[in-house]
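Here is a friendly walk through one chain, meant to be read with the structure open beside you.

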Amino acid sequence: MSHLDDLPSTPGKYKTDKALPYGILHHHRYLRLSKPTLWASLFLALFLFYLLLSPPPTPSRRSLNDSSLSAAKYGGSQWEKQVRKSAHPRSRGGLTVLVTGAAGFVGTHVSIALRRRGDGVLGLDNFNRYYDPKLKRARQGLLERSGVFVVEGDINDAVLLKKLFDVVLFTHVMHLAAQAGVRYAMQNPGSYVNSNIAGFVNLLEVSKAANPQPAVVWASSSSVYGLNKKVPFSEIDRTDHPASLYAATKKAGEGIAHTYNHIYGLSLTGLRFFTVYGPWGRPDMAYFFFTKDILKGKTITVFESPDKGSVARDFTYIDDIVKGCLGALDTAEKSTGSGGKKKGPAMFRIYNLGNTSPVPVTKLVKILEKLLKMKAKKKVMPLPRNGDVEFTHANITLAQSEIGYKPAVDLETGLKKFVKWYMGFYSASKKKSSW
Ligand SMILES: O=C(O)[C@H]1O[C@H](OP(=O)(O)OP(=O)(O)OC[C@H]2O[C@@H](n3ccc(=O)[nH]c3=O)[C@H](O)[C@@H]2O)[C@H](O)[C@@H](O)[C@@H]1O
């Protein structure tokens, strides 16, 4: 056996000799070390030390954790022209907004609303495969028809972000790109760290270095209230008992944002969304896949709390959320820093954007049954330990008084609009795929 056979092939996968107890093995090997072995080990140790200290490779244009991402497509004068045109406000005094996660559910609606009232909007989205990219592409079609160009790239791509800030002087960033979903965090924790923490930091780094610095509004989540029992949840309540990694990364985002506000004078506003639903929604959310499964005659699983009560959510309709986002952008004061240096205190705000009327999931199912005119096949089971919390309920007093937020759509009205969209969208896609 050569001395190289003793070296681990992969870090952490050192194969020990099972025949010998650990202490004996080490003692035995120590005694056997010859001079060449010593030199080789020394050389190897130095080499590993060099590897550790050497700078990382040039910034990757792809996310490290999501192999499904397509390489970013950008650059060239035609591309820059599209970027500038899309970001250019049509109305005098209009905002110039970079919307990350623009082909996402909330991103699409917010981008279109901004564009409609005359603001300049540039979208950014990585079109990842967390859920059906065809839905994201369809949203992109909608955005293009509204005059919003979506750059295909990742928020972790610092080179791309810098380039966008070189081409356009953004007054605002509406940061909606994130790894969403509570339960999926158990399957792919890295994706949450990659998007909600690393990606967010990357965006803040580029924003703080920009000149002028934009005001940043970003999506936090009701999930930060975690295991809190006091209802309704208000912004001053504790948020240090997250029930999922998703919630923990969103909570970390709030802390990270605060440091960029404190050190660099970035104007930052976090919006805690409460279970947003509606047309063009996310297929990973219960109201969406319940609809799909009820129509197919498939059994749905309805969670109940340990006391056999229904779990409940403060379901919030997308149009109300859009108004909240626009209100936050419109009231955001300018960042105070420039060139990465703080010049004075800047605004830091956190708001609940909920509906203030929690509805049990059993009621959600009843409404869907009525709208779909079909009886759901249900399996009721205790809430598994999957990151879900038993209930959410927003106190929205602060958002009401400071950004004029006033939700107006109840769950039945909102679901009616969702079902109408769902039927239209999926019957049209079916026809298309059978051509
Ligand atoms: O408010 C928020 O911050 C969060 O809202 C939703 O999370 P969630 O409220 O858990 O929404 P769903 O995943 O659609 O679940 C809704 C309800 O249905 C229940 N559910 C879910 C799945 C299922 O199979 N059965 C079931 O009863 C859940 O326990 C929950 O009470 C979003 O998915 C998160 O991205 C977002 O951040």
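In helix α10, the buried residues are I318, D320, I321, V322, G324, C325, L326, G327, A328 and L329. Keep in mind as you look that this is a predicted model. Since 10 of the 14 residues of α10 are buried, the helix is largely enclosed by the rest of the structure. Helix α10 covers residues 318-331 and reaches 20 Å from its first C-alpha to its last, close to the 20 Å expected at 1.5 Å a residue.

For a contrast, turn to K134, which sits in helix α5 (residues 133-145).

Next comes the ligand. Around the ligand there are 19 residues, of which A180, S221, S222, M285 and A286 come nearest. By type, this shell divides into 10 nonpolar, 7 polar and 2 charged residues. Strand β8 (residues 299-304) supplies the largest share of the shell, with 3 residues.

Some annotation from UniProt can be laid over the model. An unreviewed entry there gives "domain: NAD-dependent epimerase/dehydratase" for residues 97-334. The unreviewed UniProt entry also places the feature "transmembrane region" at residues 36-53 and 94-114. The table shows how two of the annotated spans look in the model.

| Span | Distance between end C-alpha atoms | Helix | Strand |
|---|---|---|---|
| Residues 97-334 | 13 Å | 42% helix | 18% strand |
| Residues 94-114 | 9 Å | 48% helix | 24% strand |

Finally, step back to the whole chain. How many helices and strands does the chain have? There are 13 helices and 13 strands. Of the 435 residues, 40% count as buried. Among contacts between residues at least 6 apart in sequence, 82% join residues at least 24 apart.

Note on methods: Residues are numbered from 1 along each chain as its sequence is written. This is a predicted model: local features need pLDDT of at least 70, side-chain atom pairs count only at pLDDT 80 or more; totals for chains, interfaces and linings use all residues. A residue is near a molecule or strand if its C-beta atom, placed from the backbone, lies within 6 Å of it. Helices (H or I, at least four residues) and strands (E, at least two) are DSSP runs, numbered from the N terminus. Ala, Val, Leu, Ile, Met, Phe, Trp, Tyr, Cys and Pro count as nonpolar, Asp, Glu, Lys and Arg as charged, and the others, Gly among them, as polar. UniProt positions are given in the numbering used here, feature names are shortened, and annotations may be inferred rather than shown by experiment. A residue is buried if 20 or more other C-beta atoms lie within 10 Å of its own, exposed if 12 or fewer, and partly exposed in between; C-beta atoms are placed from the backbone. Two residues are in contact if their C-beta atoms, placed from the backbone, lie within 7 Å. The expected span of a helix is 1.5 Å times one less than its number of residues.
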